[in-house]
Structure formats: C-alpha cells, structure tokens
Amino acid sequence: LFSPLLQKWVVFTLSTSSSLGCLSCLLGLAVSIGLALGSQGRVLLAPCTVGNVALSPVSGECPFDPTRVHVSPRWAGGARTG
C-alpha cells in the first residue's frame, strides 16, 4: 500500500516519539522517588490535613488512604467470599 521507505520513516517516527514519552515518564518517576526519599515520605502526606482523626483516611483532602493495604484479588488467594 505504501512504499517501504515511507513505512520505515513512519516506524522510525513512532519509535522516536514513543521513546521520548517513555523517557519523560522515567524522569518524572525518578523525580517523585527522589522527593519521597529525600523528605522521608513527608511529601506524600503533605496534602493530607488531619482535621478529624476518625475521618482523615476517607477525607477528600487526602488523595489516598495511607492506612489501607491494597491487595490484588488475584493474589489474595485465601480471602474468598461467597
């Protein structure tokens, strides 16, 4: 349908853009890990304000529940319901 030369350039362009996207993600991950390790985790909990200790893990002010253990159902083997 298209010439082999055009196909090579399309694959090269897509590969290059994919590589640049991957590198930018890796850079962001490295920065976030560096910030988390550098502040000993305080950066992760900075948005979580504790107004009411009983409601803090489910509060809308905290982007995640730091007290919850997340387990994939696939690996939860013994925890069967039903």
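Is Cys25 buried or exposed? At 55% relative accessibility, Cys25 counts as exposed, where exposed means over 50% relative accessible area, buried under 20% and partly exposed in between (1.4 Å probe, protein chains only). The model is predicted: local features need pLDDT of at least 70, side-chain atom pairs count only at pLDDT 80 or more, and totals for chains, interfaces and linings use all residues. Residues are numbered from 1 along each chain as its sequence is written, and side-chain values use heavy atoms, with hydrogens and water left out.

**Cysteines**
- A search of the whole structure finds zero disulfides, a disulfide being a pair of cysteine sulfur atoms within 2.5 Å.
- The closest cysteine sulfur to that of Cys22 lies in Cys25, 6.8 Å away, which is too far for a bond.
- Cys22 is partly exposed, at 43% relative accessibility.

**Fold and surface**
- The protein chain has two helices and zero strands; these are DSSP runs numbered from the N terminus, helices being H or I of at least four residues and strands E of at least two.
- Of the 82 residues in the protein chain, 7% are buried.
- The accessible surface of the protein chain is about 7300 Å², with 69% belonging to carbon and sulfur atoms (Shrake-Rupley method, 1.4 Å probe; for residues, only the protein chains shown count as cover).

**Nonpolar patch**
- Leu20, Leu23, Leu26, Leu29, Ile33 and Leu37 make a nonpolar surface patch of about 620 Å².
- Patches take residues with over 30% relative accessible area and no salt bridge, joining like charges within 9 Å and nonpolar side chains (Val, Leu, Ile, Met, Phe, Trp, Tyr) within 5 Å; a salt bridge is a side-chain nitrogen of Lys or Arg within 4 Å of a carboxyl oxygen of Asp or Glu.
- Leu23 lies in helix H1 (residues 4–38) and is exposed, with a relative accessible area of 53%.
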